[in-house]
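Subject: Structure handover

Hello,

Here is the structure I promised to pass on. Please open it first, then read my notes below.

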Amino acid sequence: MIPNSYDKEEANLKDKLILPENYKQTYDNIVKLIETAKRKVFETANFETVYLFWHIGQELKDNILNGQKAEYGKFIVKKSE
């Protein structure tokens, strides 16, 4: 395969690129920032989903069940006497 002119330019650029001594540390710091941001997004989305479902349940309890407890659990779990 014959490389195109872009590949040659990229290869020449890589040969001329001189990285500072703290390049690895800077790279690692950037990776940590990205990982932290991803974790925060996941935690926030997870919290908001739980919060949403709790509020949906509260709305149903207040407006459909008139504040009464739902009885579906009686059929799922047998009461111990």
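First, a term you will need: a residue is buried when its relative accessible area is under 20%, exposed when it is over 50%, and partly exposed in between (1.4 Å probe, protein chains only).

Next, the background. This is a predicted model, where local features need pLDDT of at least 70 and side-chain atom pairs count only at pLDDT 80 or more, while totals for chains, interfaces and linings use all residues. Residues are numbered from 1 along each chain as its sequence is written, and side-chain values use heavy atoms, with hydrogens and water left out.

**Overall fold**

The protein has three helices and zero strands. Both are DSSP runs, numbered from the N terminus: helices are H or I with at least four residues, strands are E with at least two. Along the sequence the pattern reads α-α-α. Helix 2 spans 23-63, and helix 3 spans 73-76.

**Surface**

How much of the protein is buried? Of its 81 residues, 0% are. The protein exposes about 8500 Å². Carbon and sulfur atoms supply 60% of that area. Accessible areas come from the Shrake-Rupley method with a 1.4 Å probe; for residues, only the protein chains shown count as cover.

There is also a nonpolar surface patch of about 580 Å². Patches take residues with over 30% relative accessible area and no salt bridge; like charges are joined within 9 Å, and nonpolar side chains (Val, Leu, Ile, Met, Phe, Trp, Tyr) within 5 Å. Ile64 counts as exposed because its relative accessibility is 61%.

**Salt bridges**

A salt bridge here is a side-chain nitrogen of Lys or Arg within 4 Å of a carboxyl oxygen of Asp or Glu. That rule gives two.

- Asp28 and Lys24 meet through their side chains at 3.0 Å, N to O. The two are four residues apart in helix 2, so about one helical turn separates them. Asp28 is partly exposed, at 28% relative accessible area. Lys24 is exposed, at 53%.
- Glu43 and Arg39 pair up at 3.2 Å, N to O. Both lie in helix 2, four residues apart, about one turn of the helix. Glu43 is partly exposed at 41% relative accessibility. Arg39 is partly exposed too, with a relative accessible area of 42%.

Over to you.
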